[in-house]
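User: I'd like to learn how to read helix packing and rings in a model. Please take me through some cases.

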Amino acid sequence: LDEADQMLDMGFREELEGILNATPDTRRTHLVSATFPRGIQQLAAQYQDDAASIEGTRLGVANQDIEHRGHLVHNNDRYDTLVNLLLIAGDERTLVFVERRADALVVAEKLASDGFRAMPLSGELAQNQRDHTMEAFRSGRATVLVATDVAARGLDVPDVSTVIHTAPCIDGQVYTHRSGRTGRAGQRGRSILLSPPGRRY
């Protein structure tokens with residue numbers, strides 16, 4: 001079960017338990033996530049016997065391959081700041097997180113009209129559109145992917161050099177998941193958070 005913690009957060013406990021209850025007793029169950037909150041630990045204890053825990057980094061320890069930066073930016077300057085950060089990134093693969101599905105399309109279209117190879121990724125996309133977008137991002141035809149949290153869960157694209165959060169995350173675990181799209185497999189990465197001054201803390 002990939003991203004099982006997000007499934008629980010979104011209220012899909014019954015569905016998760018239904019899937020697990022429908023599997024044979026001889027199954028092998030793997031729970032994969034960047035974070036393991038109490039709900040996931042309880043689910044694991046309920047459905048796994050003699051489980052092994054494999055950690056890429058010790059829980060609570062930041063990935064040392066990711067450089068974290070924060071910028072205090074007024075909302076009116078957020079788009080211009082994003083453009084400047086993308087210009088600095090050049091042709092490097094960059095993942096931009098926005099708050100709402102509608103924002104993904106608006107920001108991606110605006111970036112594309114300003115000359116960036118940007119595409120949106122949100123829950124509103126049909127599966128064939130999502131596949132087309134992901135193939136463009138993997139192949140480098142698109143170098144900027146503008147996404148929502150939910151749409152980007154489980155996203156595994158190599159060589160994402162930069163993750164840009166256009167607004168503060170709702171909590172630290174969301175930030176961990178978003179930032180974990182870069183700095184993978186021993187590569188270096190950057191996670192850049194834009195925050196209005198009023199939300200600096």
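User: Which hand does the crossing of H2 and H3 have?

Analyst: Right-handed; a crossing is right-handed if the near helix is turned clockwise from the far one by less than a right angle, and left-handed if anticlockwise. This is a predicted model, where local features need pLDDT of at least 70 and side-chain atom pairs pLDDT 80 or more, while totals for chains, interfaces and linings use all residues. Residues are numbered from 1 along each chain as its sequence is written, and side-chain values use heavy atoms, leaving out hydrogens and water.

User: What angle do the axes of H2 and H3 make?

Analyst: Two packed helices are described by the angle between their axes and the distance between the axes. Here H2 (residues 13–22) and H3 (residues 38–47) have axes that come within 12 Å and cross at roughly 25°. That makes H2 roughly parallel to H3 (under 35 degrees; over 145 is roughly antiparallel, 65 to 115 roughly perpendicular, the rest oblique).

User: Which residues of H2 and H3 meet?

Analyst: On the H2 side, Arg-13, Leu-16, Glu-17, Leu-20 and Asn-21; on the H3 side, Gly-39, Leu-43, Gln-46 and Tyr-47. Contact means heavy atoms within 4.5 Å. The residues of this H2–H3 contact divide into four nonpolar, three polar and two charged.

User: How do the axes of H4 and H5 cross?

Analyst: The axes of H4 (residues 78–89) and H5 (residues 101–113) also come within 12 Å, but cross at roughly 55°. H4 and H5 are therefore oblique to each other, and H4 passes H5 in a right-handed crossing. H4 brings Tyr-79, Leu-82, Val-83 and Leu-86 to the contact, and H5 brings Val-107, Lys-110 and Leu-111. Those residues divide into six nonpolar, no polar and one charged.

User: What sits over the ring of Tyr-79?

Analyst: The charged end of Lys-110, 4.3 Å from the ring's centre (NZ of Lys or CZ of Arg must be within 6 Å of the centre and within 35 degrees of the ring normal). Likewise, Arg-200 lies over the face of Tyr-201, at 5.7 Å from the ring centre.

User: And what is Tyr-175 in contact with?

Analyst: Tyr-175 is in helix H8 (residues 172–179). Leaving aside neighbours within four places in sequence, Tyr-175 touches His-68, His-165, Cys-169, Ser-191 and Leu-193.

How values were computed
Axes fitted to C-alpha atoms, helices over the stretch in contact; angles between N-to-C directions. Helix = DSSP H or I, 4+ residues; strand = E, 2+ residues; numbered from the N terminus. Nonpolar A, V, L, I, M, F, W, Y, C, P; charged D, E, K, R; others polar.
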